[in-house]
Amino acid sequence: MTAVTHFFFSGPTLKDRFVAKRDEMRENRRIRAKYIRTFSELDHMSDRDLADIGISRGDIPQISHEAAHGPCT
């Protein structure tokens with residue numbers, strides 16, 4: 001009977017996977033913060049100010065999403 005004594009793994013190391021996950025979490029936090037900041041700034045504007053720039057209250061979530069994630073294609 002033969003036993004395998006050495007394994008060779010050519011994929012990403014555990015450290016590489018942790019670093020990639022950490023970077024992904026940082027990017028998600030950055031996107032979420034931009035969404036919240038945009039939403040909050042628009043939500044605190046008066047209806048008149050929003051109308052002056054051509055935005056209704058119902059548009060705020062979509063505009064905030066586009067500000068954080070980029071325009072939908």
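**Exercise 1**

Is arginine 57 buried, partly exposed or exposed?

*Solution.* The model is predicted, so local features need pLDDT of at least 70 and side-chain atom pairs count only at pLDDT 80 or more, while totals for chains, interfaces and linings use all residues. Residues are numbered from 1 along each chain as its sequence is written, and side-chain values use heavy atoms, with hydrogens and water left out.

Step 1. Buried means under 20% relative accessible area, exposed means over 50%, and partly exposed lies in between (1.4 Å probe, protein chains only).

Step 2. Arginine 57 has a relative accessible area of 35%. Arginine 57 is therefore partly exposed.

**Exercise 2**

Describe the helices of the chain and the buried part of H1.

*Solution.* Step 1. Helices (H or I, at least four residues) and strands (E, at least two) are DSSP runs, numbered from the N terminus. The chain has three helices and zero strands, in the order α-α-α from the N terminus.

Step 1. H1 consists of 30 residues, and 43 Å separate its first C-alpha from its last. This span is close to the expected 44 Å at 1.5 Å a residue; the expected value is 1.5 Å times one less than the number of residues.

Step 2. Across the chain of 73 residues, 12% are buried. Within H1, the residues Ile31, Tyr35, Thr38 and Leu42 are buried. These buried residues of H1 pack against H2 and H3, where contact means heavy atoms within 4.5 Å.

**Exercise 3**

Which salt bridges does arginine 57 form, and where do the partners lie?

*Solution.* Step 1. Side chains of opposite charge can pair when their charged atoms come close. A salt bridge is a side-chain nitrogen of Lys or Arg within 4 Å of a carboxyl oxygen of Asp or Glu. The count by this rule is five.

Step 1. Arginine 57 meets aspartate 43 in a salt bridge at 3.5 Å, N to O. This pair links distant parts of the chain: arginine 57 is in the loop between helix H2 (47-52) and H3, and aspartate 43 is in helix H1, 14 residues apart. Aspartate 43 is partly exposed, at 37% relative accessible area.

Step 2. Arginine 57 also meets aspartate 47 in a salt bridge, at 2.7 Å, N to O. Here too the pair links distant parts of the chain, with aspartate 47 in helix H2, 10 residues from arginine 57. Aspartate 47 is exposed, with a relative accessible area of 52%.

**Exercise 4**

How far apart in helix H1 are glutamate 24 and lysine 21, and how do their side chains meet?

*Solution.* Step 1. The two residues are three residues apart in helix H1 (residues 14-43), so about one helical turn separates glutamate 24 from lysine 21.

Step 1. Their side chains meet in a salt bridge of 3.9 Å, N to O.

Step 2. Glutamate 24 is partly exposed at 41% relative accessible area, and lysine 21 is partly exposed at 44%.

**Exercise 5**

Examine the surroundings of serine 64: is this residue buried or exposed, and which residues are in contact with it?

*Solution.* Step 1. Serine 64 lies in helix H3 (residues 60-69). Its relative accessible area is 0%, so serine 64 is buried.

Step 1. Leaving aside neighbours within four places in sequence, serine 64 is in contact with Tyr35, Thr38, Phe39 and Leu42.

Step 2. The side chain of serine 64 also reaches the backbone oxygen of isoleucine 60 at 2.9 Å.

**Exercise 6**

How are the rings of tyrosine 35 and phenylalanine 39 arranged?

*Solution.* Step 1. Rings of Phe, Tyr and Trp (its six-membered ring) pair if their centres lie within 6.5 Å; planes under 30 degrees apart count as stacked, over 60 as edge-to-face and the rest as tilted.

Step 1. The structure holds one aromatic pair. The ring centres of tyrosine 35 and phenylalanine 39 are 6.0 Å apart and the planes are at 25 degrees, so the pair is stacked.

Step 2. Both residues lie in helix H1, four residues apart, about one turn of the helix. Phenylalanine 39 is partly exposed, with 28% relative accessible area.

Conventions
Polar contact = N/O pair within 3.5 Å; in protein donor to acceptor, adjacent residues only side chain to side chain.
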